[in-house]
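Thanks for asking me to look this one over. Here are my notes, in the order in which I would go through them with you.

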Amino acid sequence: MPDLEPTAAPTAEQALATDAAPRSGETRYFLRFTAGQRFLHATLFTTFLGLAATGMCMRFSYSVWARAAARAVGGFGAILFFHKLCAVILTLAFLIHVKDIFTRGVMNRERGIFWGPDSMVANWKDVKDLLGHFRWFLGQGPRPQFERYAYWEKFDYWAVFWGMVVIGSSGYAMWFAPFFAHFLPGWALNAVLIIHSEEGLLAILFIFAIHFVNTHLRPHSFPMDMVIFTGVESEEEFLHRHPMEFERMRKEGKLEALLAHAPDSWQINFSRVVGFTAIAIGLTLLVLTLTAYFG
Ligand code: HEM
């Protein structure tokens, strides 16, 4: 392929007008998430919904809906069983993810996984983007141009990562309390229940209020962002959401390798059903939790 690079970096819009432009009106699609990443996310959100539902039933066990749910599955013992089942599956998914990072970053010394433009680690640009976004909201500046992960996507990621460590370790400390009692004083085991319960509540509020709004209910994604389900996004979406990544991949000649098929209609329908079901369950849980908490 001839090198058509101008000396100064072209803007994303200029890129659209050159080699990356859709030809003859055809929409091009690019891969954003691999099948493995989508599978881990699906495992994460299904088990999280299960943990949130069963956890809230235990926490608000006096409420009408918690008692009805317990009756439906055979009592609060069964609720705890499903909670632990989801916890084990989620822990496995988390460990697979951590192992993947360790292999890529430490064993294979993959450049940039911790500090590169693809990285989930926050950097100075994220701070500038956050401030720039506020300025843009107020009509005082241009819209910031994002790399592969915008600052709020990194925030969502670390909120879940950190939450997994805190909720997971406190959950296992309760589950295997006699074992942990060898290392922890009695008061710490009591504190663990409070930490687990409050962090669980925080996770529910964060995921079902902030993450859902950030990801799915934004003007450009409303009513649902399908990319985590189908794995692909259109060129227009790519350019709007992550123009700096688009531009970098174009300059490095890696854009073509990301080209993917448009999602099939069954994939879109399947994603819609799964996605809307998850959002509906999440919002219902949010309402039940808030009414039980303040009721
Ligand atoms: C690895 C992950 C997890 C493990 C191992 C775990 C384990 C447990 C265990 C063993 C209990 C029962 C405590 C008891 O006997 O009273 C419990 C309760 C609970 N869990 Fe989890 N859990 C995990 C994740 C979560 C998540 C992600 C949430 C919320 C989204 C959550 C929310 C709750 C709540 C609200 C309770 C009830 C606490 C209370 O009675 O106040 N858990 N968990």
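1. A cut-off to begin with: two axes count as roughly antiparallel when the angle between them is over 145 degrees. Please keep in mind throughout that this is a predicted model.

2. Now to the helix pair where that cut-off matters. The axes of α6 and α8 approach to within 9 Å, and they cross at roughly 155°. That angle is over 145 degrees, so α6 and α8 are roughly antiparallel to each other. As for handedness, the crossing in which α6 passes α8 is left-handed.

3. Which residues make this contact? From α6 come Trp152, Asp156, Ala159, Gly163, Val166, Ile167, Ser170, Gly171, Ala173 and Met174. On the side of α8, the contributors are Leu189, Val192, Leu193, Ile195, His196, Glu199, Gly200, Ala203, Phe206, His211 and Asn214. By residue class, the contact of α6 with α8 has 12 nonpolar, 7 polar and 2 charged residues.

4. Next, the ligand. There are 23 residues around the ligand, and those that come nearest are Gly55, Ala87, Gly171, Ser197 and Gly200. Two or more residues of this shell are given by each of α2 (35-59), α4 (76-107), α6 (151-175) and α8 (186-215). The largest share, 7 residues, comes from α2. In the shell around the ligand, 14 residues are nonpolar, 8 are polar and 1 is charged.

5. His83 sits in helix α4. Setting aside neighbours within four places in sequence, His83 is in contact with Leu51, Thr54 and Gly55.

6. Finally, a backbone detail to check. Arg109 has a phi near 45°, a positive value in a residue other than glycine. Where is Arg109? Arg109 lies in the loop between α4 and α5 (124-137). With 8 other C-beta atoms within 10 Å, Arg109 is exposed, because 12 or fewer is the limit for that class.

Conventions
Residues are numbered from 1 along each chain as its sequence is written. This is a predicted model: local features need pLDDT of at least 70, side-chain atom pairs count only at pLDDT 80 or more; totals for chains, interfaces and linings use all residues. A residue is near a molecule or strand if its C-beta atom, placed from the backbone, lies within 6 Å of it. Helices (H or I, at least four residues) and strands (E, at least two) are DSSP runs, numbered from the N terminus. Ala, Val, Leu, Ile, Met, Phe, Trp, Tyr, Cys and Pro count as nonpolar, Asp, Glu, Lys and Arg as charged, and the others, Gly among them, as polar. Axes are lines fitted to C-alpha atoms, for helices over the stretch in contact, and angles run from 0 to 180 degrees between N-to-C directions. Angles under 35 degrees count as roughly parallel, over 145 as roughly antiparallel, 65 to 115 as roughly perpendicular and the rest as oblique. A crossing is left-handed if the near helix is turned anticlockwise from the far one by less than a right angle, and right-handed if clockwise. Two residues are in contact if their C-beta atoms, placed from the backbone, lie within 7 Å. A residue is buried if 20 or more other C-beta atoms lie within 10 Å of its own, exposed if 12 or fewer, and partly exposed in between; C-beta atoms are placed from the backbone.
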